[in-house]
Every structure is written in structure tokens, then in C-alpha cells.
Amino acid sequence: HSSKRSLTKIYAYGHDQDQRKFWLALILTSVTLQDIRNTVGNIPMEWYKDYPHIGYDLDGKKIFKPIRNKDELDEFLDKMENPDYWRTVQDKMTGADIRLSDEQVDLVHRLQEGKFGDVNFNEYEPAIDFFSNEVMIHPVTNRPQDKRSFIPSLIEKEKVGKLVHAIKMGWIKPRRPKETTPQYYDLWAKEDPNSILGRHKMHVPAPKLKLPGHEESYNPPPEYLMSEEERLAWEQQDPEDRKLSFLPQKFACLRAVPAYSRFIHERFERCLDLYLCPRQRKMRVNVNPEDLIPKLPKPKDLQPFPTTQSLVYRGHSSLVRSISTSPSGQWLVSGSDDCTVRFWEVSTARCLKTVEVGGAVKGVAWNPNPSICLVAISYDDTVVLLNPGLGDRLVSTATDQLISSYEEPEEVKEQPVQWTVAEGEGHEQGHRLILKHPKAVRQVTWHGKGDYLACVMPDNGSSLQVVIHQVSKRRTQNPFRKNKGLVQCVSFHPIRPYFFVATQRYVRVYNLIKQELTKKLMANCKWISSMATHPGGDNVICGSYDCRLAWFDLDLSTKPYKVLRHHKKALRSVAYHRHYPLFASGSDDGSVIVCHGMVYNDLLQNPLIVPVKVLKGHTITHDLGVLDVTFHPTQPWVFSSGADGTVRLFT
Amino acid sequence: MSQVQARFFTENKKYLVDDVPFSIPAASEVADLSGVINKLLEANHDGHKHVEFDFLVRGQFLRTKLANHMETENISTEEVVEIEYVEKFTAPQPEECIMHDDWISSVEADSEWILTGSYDKTARIWSMEGKAVMTVAGHTDVVKDVAWVKRDGLSSLLLTTSLDQTIMLWEWNSERNEVKARHCCRGHAGSVDTVAVDPSRTKFCSGSWDKMLKIWSAVPTVEEDEMEEHNRPRKKQKTEQMGLTRTPLMTISGHNEAVSSVLWMDAEELCSASWDHTIRLWDAETGGQKSTLTGNKVFNCISYSPLCRRLASGSTDRHVRLWDPRSKDGSLVLLSLTSHNGWVTAVRWSPSHEHQLVSGSLDNVVKLWDTRSCKAPLYDLAAHEDKVLCVDWTENGHDLCCYRVSSMI
């Protein structure tokens, strides 16, 4: 019975499965062996494996193991035959077989099912709540109060006395009265009320439309009406640059005012402005404007460069389109619209020779090779190679011999250009070879070695815009199969086999040996007019009709390294000096601007560009000023030819 | 300060005044001082004619008010100022106007005759009266420079150089008025721009666009120098007409650009100016370079005065520069005379006066300078209508021939 009680306890508190099993085994042992109590304690029974006994009873006598001589077969037979075999367990403490009674089996079943061992135990007895929230009239205990609860406590008295003493001595201060006013925490107390918060900072309202003024009136006061000159100037401006987007007009009465044709257009632009234009406030940086100007050396330190006009070469009666100097620098050749080519002595401005040709001369180019004395002249559709007979006689005769020693190759190829040898009167004037092109030739330029000659025939429709002639073999090649825009000018690379072709907006660099496009330079201007290559070959300048001069550094980028806008009108010509770090540009405003353009050998240092001098001298005729500029080959002098029929030398 | 104590003196015995200090107004200018001297002279000599004087204070010409001049020159006003006076050079009027029908590239005058080279491929000899005596034609291109070699009696030797790369030595008989080509000097590979005859009159030096200087013998010989005549009959015919071909005695190279001007400083020393911004002195015997004067502009012309031993140079700017060729350290410009407006194309020292030189410029003006007055020239000759390419003095130093490009002398 006691073991039953303890089992109930076990089931009430020992919820753990293992714990339960342990207790179960313990109870069973205690139940079955009430008399033979083994006193060895809780030790592993294996220790008695080799002994005939298994422990000691209460009286200290050995408990002997029951004789076990059953083998597996007996065990099996027993299992088969004995109906109580399933309820027979072995007591580990004594080693005896015990047959469990029906009560015990029942208890085991109940425990296996997780029920209380005692059948009569009601686990759901009603609970009596003694200490509830209900206040009862009677105390829970009926004990009378102690005496000590009626007499004052000495300990408390002592404690109070200490506090009183401390208050008297001023060690304890009475509590401050509580402030009754409510305390609020101001979240934005530290914020500057004048500062603009981020969200507000970024807000930029759309610009308001200007209210109509007197100009918009149908009958404006006369001072708002444009004069003829102002109107012309207004028409010449780009639409973006105009101050007024319309021309003020005067009408006799409001009835005569026509419908406003630009209304839709104007509304559309306004709408675009309202919702497409990203508005943002620009960060204003407080910088001294002086600091923003790049530190450039003074022009005085960059001498020598041309500063004054020294000589004027007069003689032409019409525009001088092109000039060129001889490689020695003794002679100058100029080609003009009056159908003549003149040869000048540079040092005295004396015209030594005048050669008439059959049309307005568009281009002249002196052969850069000092051992050949030839000048290429282009007019209409013809290019003439002319031997001026100036300079060294030996060179001059050697050139003639070189041309006359040409032998016709056996198989004659079909060529786009017709080569003929000049005879008779033309030969006496110096003409040596005449090249008839299919179209008008605008520019001629020599390769540095003096054998190849490139001609430009601008024509948008055809693929034959540039031809390269080889003078010694009298051969003509068309280097480009396809037409990529209107070719403006071409130039040979001074050292490597590259060829520059300038179209309206781009400069293309071709490798002549590999026959491929190497680079395409974007000029960022509307119409390129002229181009020059630096004698080092890595820099190119382009002049354009929209007043810009773009300097390209081929190593740096395909976009201009620098764009100069010093001229007031279209640029007509640009040129580099062969030795000095100088370049010049001539423009329709009649001026030549000379700039210092130093290119360093150090690849890390960008070129230094400083404008040094504006040279004026040419008078503007027919809205044209300077048409060509070129440098003297050895001295820091610049020649310019103008629409006024003169060539000027600045030194 | 209103008065200055001054003592006047002169080297000209004709215009001597008493050697006593005068008190003169400090604000007086040249005209006032000249009036003072003339009054003094009138008091001393009867029948004195009015003469214009120029005044030198401590070797510098007076050009402003006396007080200003003394202030700029740092002369104390306390002591007596020594003022030298000389007869004023008046601007000469062109005596003769010789019309050429083409540009004149060069001129050389001696006491009787004027030799000019012209762009019409000829050289001409003129008398002092301006009469064309002889035309020397033979070059196939523009004549760039001319020079007299020597004149003994009636026959004289002259040189012409040309753009056709040759120098021709001519013999001119003034009595019969015949000119004969004696030698044709070939060797240059560019236009021969300048020629100079050495003081001994036996050699001459030429400078060319081909950067070379060549020294040639100026003695005419009858025998042919080196041409063998038998196998080239056609060429022989040509040589007879053109004179015998002559080759240079010596070639001096060293310049990097064209040689623009050459001269003999003495019998052994040559001086040449070039477009490579240098003036070089050469030893004429060995052909070695002695020293270099470096400028920063192209040199057009140089002139040397044995009297004051200075070089004057004209370059492609507005200045006439004076150099001391004996200084060894290179560029020593003693003075720069600035008044021209164009390139200085010609300078020439006076053969008789150690302070005077004449310069011609592309601004059409010829100026006479006195080195004692470096601020402004003594006078301008603006009679020319076109560029001045060359100037020269006649031998006695009294007359100035300025010869100009524009077909007029």
C-alpha cells in the first residue's frame, strides 16, 4: 500500500518518462521482495557476477543466487509452454523469477497508459480557495494579538531618533516641493528657425512667364520697333541667343492683328519647360574669381613670337586665297582669284615672278622637300606642278630631270586623273605636269617627303573626294571607297603613315599602311574650315566657321583638349610653326591670332596654350578678312593673305 | 633754379668766343643758346653771318631744355657747366635724283663714280652729277650687291653678285667706256647676297643664302684657271662671253642660316652677319671662327668703323645696335638707336666722322645718327617714296648717297 502511495506521488510529480521507469523498477523490487531484503545498496549487480551469492539480507546472511541451469532451448520451451511466462520477471537483486499477480499487471498497465496507480484516486477533486479576494469577517486564524504589537518598538524609536538627529544637524534636508507645472520637451529647440530644411531647399519653383510688355503690344511705342539694322542682326542670331523671340510689329488697329502663328509652338515649349526641365539649385561655391583663372605665363616670357607688321606684299588685284613658303624660307608663293600665282622674295617683298594660270587659284603648296623645287597650284579642276626656277639652280635642273626621266609603265591602268606633260609656252613659264581632275580641286597638300600629293575635291554625292598622287610614278589613288560626308581638308601625318581627313564635324585619322580607320575626332563645332598638324604629329588644331579653334591631343582623347574662341568671325585658316611652339589662326574679322602652343616630350604634361598676340592689318573686303596664314620655316614670322589682295608679314 | 653758370668752348677756330663763364637761363633750349653764341660772335667779328649751332654737354647732345638735360644726366647745377658747341648739321637736300627703272638693291660710291646694282639684272655706273655712264649687263638674275675693287687710272675693277649664284668681276675702262667681264665666280648654291673686298684689294669675300662664306682672289688673270677648253666648245664660247670661271680660295661654313652681310675688319679678320641671329668674326687666313655675337633678331646688315672700332647692325626690328667686337663674352650691345618704324635694312658708318652713321629702313626714311645723341637722330631724310634698301657715303665723307629701292637715288 505504501508503495502504491509513493507511486501516486511519482505520477503526480515525476513527469519525466525516465524518472517514472526508475521509480517503477524500484517499487516492483520493494513489492516483490518484502522479506528477502538485499542490503548491498544501489550498486551494479555485475560486481556479484562471479559469486554464488548476490548480496546480504537484513540478518547479514548471504543471499544465494537461484540455480540457473536453463539453456536457450529450455528458455524457449518455457516460453512456449508456460502460460505465465509473459508475467514472469527476474529480480535483479536476488536473481529469482517472480510471477506478477493480476493486481500488479494491472498496475503496470495503468502506469504504461499514464494513469494514476491507485484506482480510487480522484485526480479532479474540487479545490477549496482559502485565500481569495473576498474579505471575510473572521480571521483565518483565531489567535489573539501579541503584546508587542501594543507597545512602541525600541528599535524604531532608536531609528527615528537617529533621523531626527540628522534632520536637526542639517544632514537630511526636507524634500523639495514637487513642481506642478508640466514639463514639455521641445524637439526643435536647437534648430535655427531661419534655416531652410532639406526638402524645402531642393524645391525650385518653375520660372514664371514674363508678363507682356510694350513690345508685345499691337501698337508699340516707336522706340520698341526694331530698325532695319537691328532686324538684320536679330535674324542673323541663333534662335536661342535672341533677346526677343519675336519681332515687335505695329498695326493700325486691333482688328488688323493676325492670328499668332507661333501660339501652339510657344505653349508647347512652356509645357516642356514646366514638366521636362529638371530643376535643381546649383551649389554656389564662394571662390575668388581670380583663383579660377589658370596660371598662365605672361606673353612677354614666351618670346619670340610675331608682334608687328613688317612687310606688305602688294601686287595681286583680287583675293589671295592661299600662300606657301619655300623650305629654305627665301621665297613665298601666293595664289589669287585674279588667276595669277606670284613668287615673292621674303626679305624685300619684291615680286620676282608672276605666272598666269587659267582660273582663280584655290590652293598653292610648295614642296617641303628641299631637294625638289616644285609648287603645286590648284585652279578649277586642274592641279599644275610648277617649277619656279628659284633657289639653287642645281636643284631646279635636278627636278626637271626627275620629271622628264619618267618612263611610261608597260601596262597602263585606268586612272581617275589625267596626267599630261606641259609643253610650249606653259613649259617656259615653269609648268611641268598638268593633272586634270573630274571635279574642282579645293586644296592641295604635300607629304613631308615631297613625293605624294593629296587633293581635295569636296562633293557630297560622290565617293571620289580625296585623291593621292605619286609624282615620281605619275600614279593616282583614291584611298576611300565610301563617302563619309563632305571633306573639308586633308593633311598628312609628318612622321607616321597616317592621314587626317576633316569632314564637316569630324576629323578621321586613317592608317595608310593598314588601310583602316584609327581614330575619329569629334570637333564639337558646326563646320570645320581648316586643319593643321603639329610637327610632332600628336596634336591637331582645327579651325571652324563658328569662330572656334579646337586643339586635339591625340593621346588624350577624341574630344578637343581645348577650344579657343578668340575670333569674332569664322576662322579660315590655321597653321603650326615647324620649330617654334607657335600656332596662328586667321579669321574673317581681319585679324591673325598667334598663340603659344608648347607640346612637352613628357607624356604626363598637357600642352600649354597661351594666346600671345592679335595681329591686325588686313582690311575687310566683301566680308572676308584673312584667308590663309602660314609660318616662315625658320624664323618666328607669320605670313597672312587677305581678301584685300595683299600678303602681310608679321615679325 | 633759373640761372646756370656755363662756359662755352669749341674746337672750330672760326667760332671761338671768350673763355668766361656766362649766366644763362636754365630753361633755355638749343635755339636760345645758339642765339647767345651768335650775338657773342657778332660782337667780336664784324660781318658774322648767322650760324645754327648744336651743343654738347659732357659729350651728349642737348635736345631738351638745359635744366631737364642736366637733371637726367645727373649734372650738378652748382658748378660751371662746360658746353661745347659745334656747327649744326642741317638736313641735306637731295642733290641729285637718279631714276632707275627698277628697284636698286645696292650702292657703292667712291670719289668720282657711283655703282648701283638693280633688280633689272644689271649694274650701273653713274657720275656724281647723276648721269648714267655705263650699264653692266651679264647676270641672268637680280643683282644683289656691288663693290668697287680698285681704280687705277682709267681702268677699274668692280664686282657684282647676283641671285643666279654667281659673282662677276668686271673691268671698266672709263676713257673708252667699255666694260669687260673678266671672271665669273661660281661655287655658291644660293643667291649671293653680299660681297666685301679686303683692304689690300686682292681678295674678296662673299656671303650667300646657302649659309657659306667664300673667299676669292680679286686679281684678274689672263690664263684660264682650270677649264680645259678643247672638249667643250660650246661651254668655252659661253665662258668667253661671261669671263673665265673662277673657284673660291676658301670656304667658311659655320652659320646656320643665310648670310646677309659680310665685311673685312682688317686684312686678317672677317665679320659676317646672318639670319641665324649671330654676328661672327672669322680669321681670314685659317678660316677659323674667332668669336660670336648673338642677338635675338635676324641681322640684315652690319657696318664697321675703324675710327671708333665699333660694329653697327640693323636687324628685322626698329633698332640700330652698336656692338663692341673686341668684347669676348658675346652679346654686348653698347647702344641701341631707336627711331625707325620698320626693319633697318642698311647701316653705314661715316668714313670721316667717328660718331656719325647713317641708317636706312623699310619705313622709307634714312636717318643720320650721332652716337653722342642716342635718343634721337640728327636728322631724317624722308624724300624717298618707297623702301630704302641700301645707303652709302662717298669717299670724302662729305656727301651722303642714300640709295633707295624705289628706282630713285
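1. In this predicted model, strand β3 of chain B (residues 53-57) is largely enclosed by the rest of the structure, because 5 of its 5 residues are buried. The burial concerns both faces of β3(B): B:Phe53, B:Phe55 and B:Val57 lie on one side, with B:Asp54 and B:Leu56 on the other. In a regular strand, side chains alternate between the two faces of the sheet.

2. Two pairings of β3(B) deserve attention. With strand β5 of chain B (residues 81-87), β3(B) runs antiparallel and is joined by 5 bridges; here B:Val57 has B:Ile83 as its bridge partner. With strand β4 of chain B (residues 60-61), the pairing is also antiparallel and spans 2 bridges, and B:Leu56 is placed opposite B:Phe61.

3. The hairpin of β3(B) and β4(B) has 2 residues between the strands, and B:Arg58 adopts a positive phi near 50 degrees there.

4. The largest nonpolar core comprises 44 residues, and A:Tyr313, A:Leu332, A:Phe343 and A:Ile377 have the most contacts inside it. Apart from this core lies another, of 24 residues, including B:Ile37, B:Ala67, B:Met70 and B:Ile75.

5. Which residues does A:Phe343 contact, leaving aside neighbours within four places in sequence? Among them are A:Leu332, A:Val333, A:Trp366, A:Val375 and A:Leu386, as well as A:Arg350 and A:Lys353.

6. A search of the whole structure returns 1 cavity of 30 Å³ or more. The largest cavity holds about 50 Å³ of space. Its lining consists of A:Leu549, A:Leu564, A:His566, A:His567, A:Ser585, A:Ile593 and A:Cys595; by class, 4 are nonpolar, 3 are polar and none is charged.

Note on methods: Residues are numbered from 1 along each chain as its sequence is written. Chains are lettered from A and ligands numbered from 1 in the order in which they are written. This is a predicted model: local features need pLDDT of at least 70, side-chain atom pairs count only at pLDDT 80 or more; totals for chains, interfaces and linings use all residues. Side-chain values use heavy atoms; hydrogens and water are left out. A nonpolar core is a set of buried Ala, Val, Leu, Ile, Met, Phe, Trp, Tyr and Cys residues joined through side-chain atoms within 4.5 Å. Buried means under 20% relative accessible area, exposed over 50%, partly exposed in between (1.4 Å probe, protein chains only). Contact means heavy atoms within 4.5 Å. On a 1 Å grid over the protein atoms alone, a cavity is a set of points where a 1.4 Å probe fits but cannot get out, and a pocket is an open set with protein on both sides within 12 Å along at least five of seven lines; lining residues have an atom within 4 Å of a point. Grid points are joined across faces, edges and corners, and a volume is the space filled by probe spheres set on the points. Ala, Val, Leu, Ile, Met, Phe, Trp, Tyr, Cys and Pro count as nonpolar, Asp, Glu, Lys and Arg as charged, and the others, Gly among them, as polar. Helices (H or I, at least four residues) and strands (E, at least two) are DSSP runs, numbered from the N terminus. Two strands pair if DSSP finds at least two bridges between them.
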